[in-house]
Amino acid sequence: MTAIGSNTPAWRGRTTPGSKYLSLARTTLQQAIAYRITTFFNVGLTFIWVIILYYLWRAAYSGRASIAGLSWDQMRTYVVIAYGINALVGWRTGTAMMAAIRTGDVVFEMVRPLNYCTTQLARALGFTVVEGGISMIFTLVIGLVFLHIQAPATVASALLFVLALIIGFLTKVLVVFLVSLLTFWTLNGMGLMWSQQAIMQILSGTIVPLALMPGWLQFIAKVLPLRGIVSTPLEFYLGKSGGWDAVGLIGLQAIWLVALWIVANLAWKRAFRVVEIQGG
Amino acid sequence: MSPIVSAEGLVKQFRRPKKGPGLAGAVRHLLRPRHETVTAVEGVDLSIDEGESVAYVGPNGAGKSTTIKLLTGILVPSAGRVQVCGVRPHVDRQANARNISVVFGQRTQLWWDIPVLESFRLLGDIYSVPDAAYRRTMDELVDVLDLGPLLGVPARQLSLGQRMRCDLGAALVHSPRVLFLDEPTIGLDVAVKARLREFVGSMRAQRGLTVLLTSHDLGDIEELCPRMIMIDKGHIVYDGAFAEVTRRFGWEQKVVVTLADGATDAAARAGAALARVQPVIDETATGLVVTFDSRSISSGEVIKELAVALPVVDLALEETSAESIVRRLYEGNLTFHPADQEITR
């Protein structure tokens with residue numbers, strides 16, 4: 001790693017230029033590792049909600065076999081995995097994007113030969129390896145040891161789950177990115193981050209499954225892309241959706257992903273035109 | 001040879017929200033937002049040849065940083081044309097990014113929490129620097145900037161001087177053709193400053209690097225930049241040799257007079273003696289400072305008149321340095337008349 005004391009200087013070890021976005025993801029990962037303790041507590045705290053929701057639902061299920069088509073076993077599983085997925089793209093991804101804009105460090109990303117949106121995806125990927133890894137530990141420990149969650153319904157549903165999870169990850173990063181772009185106009189992001197977090201948790205189905213929402217809200221949630229982040233992968237996991245239904249859900253996710261990608265790039269161009277870098 | 005950096009009639013205007021004071025002002029702004037247009041750069045023309053080293057100076061808020069941001073593609077001009085290495089920066093930002101590099105004295109482009117070497121490697125990847133070139137550049141940078149002991153240290157643990165050395169190195173990993181330095185020596189001690197200047201000078205000599213430097217430190221300018229462009233309130237007020245400044249604007253001269261004890265009404269008497277050239281006379285504890293326009297009266301004559309009118313103990317003629325001219329410009333005490341501006345380049 002370091003040049004000190006070795007005969008061959010470390011920079012000579014490089015053999016070929018790496019892919020720039022992978023290299024960015026790796027560097028972000030290294031940076032995220034520097035904050036692993038903070039991240040551990042950030043993720044851990046969100047799992048308090050899992051415990052609260054667990055007891056709420058247990059009370060609701062007493063004397064009932066199923067609510068909105070979900071058995072108690074399935075609901076338990078839903079609650080734990082929903083929070084596990086939610087923690088994949090954590091607080092740091094959004095705050096890092098906003099901080100770059102607020103402090104003006106965004107200039108460096110603008111004077112490099114990089115597509116800004118891809119850069120954000122690459123960085124989110126780096127953060128997610130750490131945040132997602134920690135989230136996975138919590139999900140497995142709490143889910144398997146304490147709350148006894150179910151395994152995926154079938155092998156096919158497990159595969160669909162993973163596919164939907166990946167598209168959902170990209171969707172969430174783009175949504176967070178779009179919200180963070182508002183910082184160019186407001187120049188202060190904390191309020192934005194909080195409201196974004198709250199809205200996303202409701203409409204993605206993290207707090208309650210979409211099936212339990214009142215009709216009008218359910219309609220909104222089903223049309224918007226946010227369901228693809230938590231609800232869609234979980235529908236697959238629990239085996240609630242298969243065949244043409246699954247094709248439809250994945251298709252909707254994919255269409256939204258493409259749309260968000262286009263909007264994100266356009267929004268960045270627009271933000272770029274009004275930009276006023278902070279601090280001279 | 002066409003210039004490597006050129007701008008014609010470059011204008012940048014910002015729209016700023018206009019808010020009244022206090023909570024009431026904030027609420028009123030929320031209901032009926034008003035904006036005012038601020039012009040940061042107003043019709044700037046630039047022409048810099050490859051390999052030149054140019055100082056870009058002016059008081060705070062004069063439009064220096066805005067110009068740099070226009071040249072680096074960070075800002076989109078409101079009007080006018082700009083070209084760097086044959087590329088229009090805001091149109092093809094990525095192509096421009098490959099040709100240039102920027103160092104900001106007040107920001108770092110190093111990744112804060114990871115060893116410096118990792119930042120260098122990432123930059124090498126971002127600019128797709130081929131392996132042989134990467135090694136050659138790194139060997140050179142590590143040698144000249146003495147980066148060896150710093151490469152394993154996370155950027156946040158570096159002192160300001162060390163950080164600046166690393167930042168300069170990081171800016172050159174992809175061998176840019178144009179280097180923008182925005183107040184690179186701010187806050188650095190004398191020894192580090194000297195070293196950085198030497199480094200930038202040698203890069204320019206060896207690689208033919210074009211350097212555009214903004215600085216408030218005249219030492220930077222004197223040592224690095226034969227040419228100086230001065231901007232004030234969005235307009236270019238001087239473009240020429242640094243040494244020329246004195247000749248062109250140094251017409252204001254000063255005579256410091258020490259008077260014998262008990263001299264009364266000294267200022268009034270001096271004023272009367274020199275009435276025809278309307279000097280500016282300031283009283284000091286020991287005498288007077290007489291400031292006059294050397295185009296309308298010679299210093300010899302001023303001294304002669306003062307010696308006759310007052311009980312003079314000592315006289316000193318103060319030469320106007322480029323530094324004092326720049327300082328007075330910054331303080332707003334020197335206005336450039338259109339007649340002074342015949343740009344000879």
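**A sheet, a covered helix and a chain interface**

In the predicted model described here, Gln13(B) has Thr39(B), a residue of strand 2 of chain B, as its bridge partner. This pair belongs to an arrangement in which strand 1 of chain B, spanning residues 5–17, is joined to strand 2 of chain B by 11 bridges, the two strands running antiparallel. Strands of a sheet pair through backbone hydrogen bonds, in either a parallel or an antiparallel manner. In chain B, an open sheet of 3 strands is formed in the order 2-1-4, and its pairing is antiparallel. Strand 2 (35–48) and strand 4 (79–84) of chain B stand at the edges of this sheet, and because each has a single partner strand, one side of each is left without a neighbour in the sheet. From one strand to the next, the twist averages 30°. Helix 2 of chain B, which comprises residues 64–72, lies across strand 1, strand 2 and strand 4 of that chain, and runs at about 70° to strand 2 of chain B.

Helix 4 of chain B, formed by residues 116–126, is mostly covered, with 11 of its 11 residues buried. Among these buried residues are Val116(B), Leu117(B), Phe120(B) and Ile126(B), together with the charged side chains of Glu118(B), Arg121(B) and Asp125(B). The buried residues of helix 4 of chain B pack against helix 5 (131–145) and helix 6 (160–172) of chain B, and also against helix 1 of chain A. After helix 4 of chain B comes Ser128(B), the phi of which is positive, near 45°.

Contact between the two chains involves 34 residues of chain A and 41 residues of chain B. On the side of chain A that touches chain B, the elements giving two or more residues are helix 1 (20–34) and helix 5 (106–110) of chain A. Helix 1 of chain A provides the largest share of this side, namely 7 residues. By residue class, the side of chain A that touches chain B divides into 17 nonpolar, 10 polar and 7 charged residues.

Elsewhere in chain A, Thr186(A) is found in helix 8, which covers residues 183–186. Thr186(A) counts as exposed because 12 C-beta neighbours lie inside 10 Å, and a residue with 12 or fewer such neighbours is classed in this way. Between Thr186(A) and Thr206(A) the separation is 20 residues in sequence, while in space the two are 28 Å apart, C-alpha to C-alpha.

Conventions: Residues numbered from 1 in each chain as written. Chains lettered and ligands numbered in written order. Predicted model: local features only at pLDDT ≥ 70, side-chain atom pairs only at ≥ 80, totals over all residues. Helix = DSSP H or I, 4+ residues; strand = E, 2+ residues; numbered from the N terminus. Buried ≥ 20, exposed ≤ 12 C-beta atoms within 10 Å, placed from the backbone. Contact = placed C-beta atoms within 7 Å. Pairing = 2+ DSSP bridges. Axes fitted to C-alpha atoms, helices over the stretch in contact; angles between N-to-C directions.
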